[in-house]
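Student: I am new to this structure and would like to go through it slowly, one question at a time. Could we look at it together?

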Amino acid sequence: MADGEQQMKKSDLGLRSASAVVMVAVAGSALWLGGWAWVAFVALVAVGVYAEWTRLVLAFAPQAWLRIVWLLGGASYVLIAGSELAMLHIWGGVFPVLVMIGAVVATDIGAYFAGRTFGGPKIAPKISPSKTWSGLIGGMVAAGLALVIAYLGEGVVHGVKAWGWTASHAFHYTVTAMSWGKLLPQALIGGVLVALVAQTGDFFESWMKRRAGVKDSSQLIPGHGGLFDRADGLLAVAFVTGLLTTLLNAFA
């Protein structure tokens with residue numbers, strides 16, 4: 001590799017790292033503050049994502065009626081997903097939001113490392129050439145493990161609150177109060193579902209970008225593309241969760 005290419009890669013890595021630190025700091029601060037800070041943050045991200053959605057639609061949908069359908073669909077998609085993320089914090093605090101985000105991040109990490117390690121057949125090479133079936137399975141396993149760790153951590157916290165700050169009491173509460181016979185299958189099934197939905201959201205956004213003839217949804221985040229690029233999997237998971245919650249409440 002030429003020196004110039006190596007320098008560009010190093011420069012890009014530094015830019016991506018700095019942008020990632022800023023993104024995590026801003027999102028983490030809003031999540032920690034909660035309340036209106038979190039609602040405002042989610043609303044701003046939702047507006048940004050919808051603006052990028054509109055940009056893509058205008059690039060690949062020539063007919064006016066088709067644009068209207070896509071724009072209305074996008075508004076519903078982003079509104080339901082954003083509302084779920086906002087209300088999840090209001091109803092349950094930081095923990096359920098972290099669980100959702102953590103499972104999606106685990107999916108991406110597991111898919112990346114499994115895909116790089118094992119390779120194999122591509123899922124949809126014309127849409128996303130780097131996605132493999134081994135990566136999808138790795139994402140499922142990683143998401144399932146993330147949910148197991150999250151539920152275990154929740155059990156420890158409840159144990160500490162109920163029995164005092166001792167490791168033995170916390171461990172005893174965790175083992176006795178949580179049925180591992182149910183927890184492990186539920187967590188792994190949840191991991192499979194989260195990974196499938198998150199990867200579907202990723203593929204969907206990649207398909208939109210392919211049709212629009214662009215690499216990124218925007219250049220808003222240096223080194224990372226747009227908000228839609230960063231939140232495609234999380235949006236899909238939040239949308240499906242919000243849709244199911246709405247339907248269950250409607251028929252309850």
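Student: Which residue meets Asp202 in a salt bridge?
Tutor: This is a predicted model, in which local features need pLDDT of at least 70 and side-chain atom pairs count only at pLDDT 80 or more, while totals for chains, interfaces and linings use all residues. Residues are numbered from 1 along each chain as its sequence is written, and side-chain values use heavy atoms, with hydrogens and water left out. A salt bridge is a side-chain nitrogen of Lys or Arg within 4 Å of a carboxyl oxygen of Asp or Glu. With N to O at 3.3 Å, the side chain that meets Asp202 in this way is that of Lys131.

Student: How many residues apart are Asp202 and Lys131?
Tutor: The pair links distant parts of the chain, with Asp202 in helix α7 (residues 180–212) and Lys131 in the loop between α4 (94–118) and α5 (133–163). Helices here (H or I, at least four residues) and strands (E, at least two) are DSSP runs, numbered from the N terminus.

Student: Is Lys131 buried or exposed?
Tutor: Buried means under 20% relative accessible area, exposed means over 50%, and partly exposed lies in between, with a 1.4 Å probe and protein chains only. Lys131 has a relative accessible area of 17%, so Lys131 is buried.

Student: Which residues are linked in a network of salt bridges?
Tutor: Lys209 forms a salt bridge with Glu205, their closest N and O atoms being 3.6 Å apart, and both of these residues lie in helix α7, four residues apart, about one turn of the helix. Lys209 also pairs with Asp229, where the closest N and O atoms are 2.9 Å apart. Asp229 lies in helix α8 and Lys209 in helix α7, so this pair ties together parts that are 20 residues apart in sequence. The network of salt bridges therefore links Glu205, Lys209 and Asp229.

Student: What is the relative accessible area of Asp229?
Tutor: Both Lys209 and Glu205 are buried, and for Lys209 the relative accessible area is 11%. Asp229 is buried as well, because its relative accessible area is 7%.

Student: Which residues does Ala103 touch, leaving out those up to four places away in sequence?
Tutor: Ala103 is found in helix α4, and Ala103 counts as buried because its relative accessibility is 1%. Its C-alpha atom is separated by 9.2 Å from that of Gly139, a residue 36 residues apart from Ala103 along the chain. Contact means heavy atoms within 4.5 Å, and the residues that Ala103 touches are Ala143, Ala146, Leu147 and Val194.

Student: How far apart are the end C-alpha atoms of α2?
Tutor: The expected span of a helix is 1.5 Å times one less than its number of residues. The 26 residues of α2 should therefore span 38 Å, and this agrees with the model, where the end C-alpha atoms are apart by 38 Å.

Student: What residue follows α3?
Tutor: Helix α3 (residues 64–92) has 29 residues that should span 42 Å, which agrees with its end C-alpha atoms being 42 Å apart. Its buried residues include Trp70, Tyr77, Glu84 and His89. The residue that follows α3 has a positive phi, near 85 degrees, and is Gly93.

Student: What is the accessible area of the nonpolar patch formed by Val240, Leu243, Leu244, Leu247, Leu248 and Phe251 together?
Tutor: Patches are made of residues with over 30% relative accessible area and no salt bridge, where like charges are joined within 9 Å and nonpolar side chains (Val, Leu, Ile, Met, Phe, Trp, Tyr) within 5 Å. One member, Leu244, has its place in helix α8 (residues 227–250), and Leu244 counts as partly exposed because its relative accessibility is 48%. Areas come from the Shrake-Rupley method with a 1.4 Å probe, and for residues only the protein chains shown count as cover. Together, the accessible area of the patch is about 610 Å².

Student: Which helix has the lowest mean pLDDT among the elements of the chain?
Tutor: pLDDT is the predictor's confidence in each residue, from 0 to 100, and the mean for the chain is 83. Among the elements, helix α2 (residues 35–60) has the highest mean, 95, whereas the lowest, 49, belongs to helix α6 (residues 167–177).
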